[in-house]
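Here's a quick briefing to read alongside the model.

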Amino acid sequence: MFIIILSVIAAVSIACIFLLDPSSQKNPSGIGTTGTSENRESDVRTDTSSDSVTSDSVSSSPTEKPSPYNEMTLLCTGDVMYHSQQIESAFNSTTGTYDFNSTYAYIRDIVSDADYAVANFETTLAGESYPYQGFPRFNSPDTALTALESAGFDMMLFANNHCYDTEHHGLIRTQQLFDSIGIDYIGARTDLNDKTYKIIEVNGIKLGMLNSTDDLAYGNTANRTLNGIKLAQGDIPLIDIFNHSLLEEFYASVSTSISAMKENGADMIVFFIHWGNEYELKHNYMQETIAQKLCNLGVDVIIGGHPHVVQDADILTSESDPSHKTVCFYSLGNLVSNQNRLTMGDLYNKAYTENGLIVELTIRKYNDGRCIVSNVKTVPLWVHRYHTADYSLRYNIIPIEKALADPTGYGLYNSSFGFSHATEALKMTNATLAGFVNAFAEEITPFIPS
């Protein structure tokens, strides 16, 4: 058996295509077995659109052959943070309400076009029991979440170092609001009987999804904390957290969850993880160590967050099964925040905090049960933070490639620096991901048939 991964690189985007030998009798990555368990409504989101390709599609012409595979697109992006300045800018003094919708106006079409879209919700929704505020203990108006739902996001990741900022009340109420508006989430739970994973189904493809966060206690287990806040004993098992001194326990839990997801028909395993050192453009040793172990355990895709900058990405090879490959993005940076070159003081690479990344994976399942990542597309983002004529702040998430082609349409001229800073941001992100491109060229190109 062999695996061929074809990298197609445009001037300002990256696309990587994974192809498998159809004659192979062995499933790559240990995935692709067809699940037989009954779907539970709470676990599943199924795309029933008329143009989706399914294995039981009927051709309208007797001469046409049904497609040998189904496909879905999984869109992933970075940290959603609402600092105090963003909350203030969203407030309408006339109505007494908060509106964050304009933040996502320029990416709404990209997010909505994906079959399933995921973001990291790095705040809490504790209501007015706590003041609305940003760092260090985030609490946002409820409309911060509804704006994300309106933008087209299907799932929030809630295992991060700020999910306990408003303690038990915020931890539980935020999840209740996820449920009330019908948005999926992983990384925390309200009941110990709830699963720590979720299986979603789109176009006949089942993805098993996990989300965990480093507790940032650096191995200290004397008092379990998150963001420096002591966790109530009963709340510890409600959050999917890991500690550097308890990694074997963490790996055992992940292995158990992977087995359960596969038993329930998961075709592919996607792991979202909150880790690493803030503001570092290169992943660290601990990230690499954990990523390799997750690869060895059978994870197919790793999507990281927390550093608040875009970090490098790589293709990992299992140490126990060389045929198993894992796509690993160590950090997708910020989707939106108030972090930028004006607010981050003397931080040496503060301009990078303005940048983020959308990763869109095309996942293909063949009729014989094999499931692969057939395409990886990246969309570099930049947060345009500027003052209006009345000196109020605006925050727009900009898809840079589209914006540079149409700067007026994407509001780059709403500030004197919009076009130049967006251009810089694109160069920064492309440079960070250059190693990812090179990995494909060095490791895969020799195996592409002539």
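Let's start with Arg364: with a relative accessible area of 14%, this residue is buried, because the cut-off for that label is anything under 20%. Keep in mind that we're looking at a predicted model.

**The Glu71–Arg364 pair**

- Glu71 sits in strand β3 (residues 69-80) and Arg364 in strand β19 (residues 355-366), so to speak a link between distant parts of the chain, 293 residues apart.
- Glu71 has a relative accessible area of 28%, so it counts as partly exposed, whereas Arg364 is buried.

**Other salt bridges**

- Asp109 and Lys402 pair up through their side chains, with 3.4 Å from N to O.
- Asp109 belongs to helix α2 (residues 108-113) and Lys402 to helix α7 (residues 400-405), so this bridge ties together parts of the chain that are 293 residues apart in sequence.
- Both ends are partly exposed: Asp109 has a relative accessible area of 36%, and Lys402 comes in at 38%.
- Arg173 and Asp142 also meet in a salt bridge, at 3.0 Å from N to O.
- Here the parts tied together are 31 residues apart in sequence, because Arg173 lies in helix α4 and Asp142 in the loop between β6 (116-121) and α3.
- Arg173 is partly exposed at 21% relative accessible area, and Asp142 is partly exposed too, at 28%.
- There's also a network: Arg341, Glu354 and Glu424 are joined by salt bridges that share partners.

**Where α3 crosses α4**

- Helix α3 (residues 143-151) and helix α4 (residues 167-181) have axes that come within 11 Å and cross at roughly 35°.
- The crossing is right-handed.
- On the α3 side, Leu145, Thr146 and Glu149 make the contact, and on the α4 side it's Leu177, Phe178 and Ile181.
- Sorted by class, that contact has four nonpolar residues, one polar and one charged.
- Helix α4 is also where you'll find Arg173, the partner of Asp142.

**The loop between β6 and α3**

- Ser129 is found in this loop, which also holds Asp142.
- Is Ser129 buried or exposed? Its relative accessibility is 55%, so Ser129 counts as exposed, the cut-off being over 50%.
- Ser129 and Asn139 are ten residues apart along the chain, and their C-alpha atoms are separated by 9.7 Å.

**The whole protein**

- The protein has nine helices and 21 strands.
- Of its 450 residues, 56% count as buried.
- Its accessible surface comes to about 18500 Å², and carbon and sulfur atoms account for 50% of that.
- Take the contacts between residues at least 6 apart in sequence: 73% of them join residues at least 24 apart.
- The Glu71–Arg364 bridge, at 293 residues apart, is one link between distant parts of the chain that you can pick out by eye.

Notes. Residues are numbered from 1 along each chain as its sequence is written. This is a predicted model: local features need pLDDT of at least 70, side-chain atom pairs count only at pLDDT 80 or more; totals for chains, interfaces and linings use all residues. Side-chain values use heavy atoms; hydrogens and water are left out. Helices (H or I, at least four residues) and strands (E, at least two) are DSSP runs, numbered from the N terminus. Buried means under 20% relative accessible area, exposed over 50%, partly exposed in between (1.4 Å probe, protein chains only). Contact means heavy atoms within 4.5 Å. Accessible areas come from the Shrake-Rupley method with a 1.4 Å probe; for residues, only the protein chains shown count as cover. Axes are lines fitted to C-alpha atoms, for helices over the stretch in contact, and angles run from 0 to 180 degrees between N-to-C directions. A crossing is left-handed if the near helix is turned anticlockwise from the far one by less than a right angle, and right-handed if clockwise. Ala, Val, Leu, Ile, Met, Phe, Trp, Tyr, Cys and Pro count as nonpolar, Asp, Glu, Lys and Arg as charged, and the others, Gly among them, as polar. A salt bridge is a side-chain nitrogen of Lys or Arg within 4 Å of a carboxyl oxygen of Asp or Glu.
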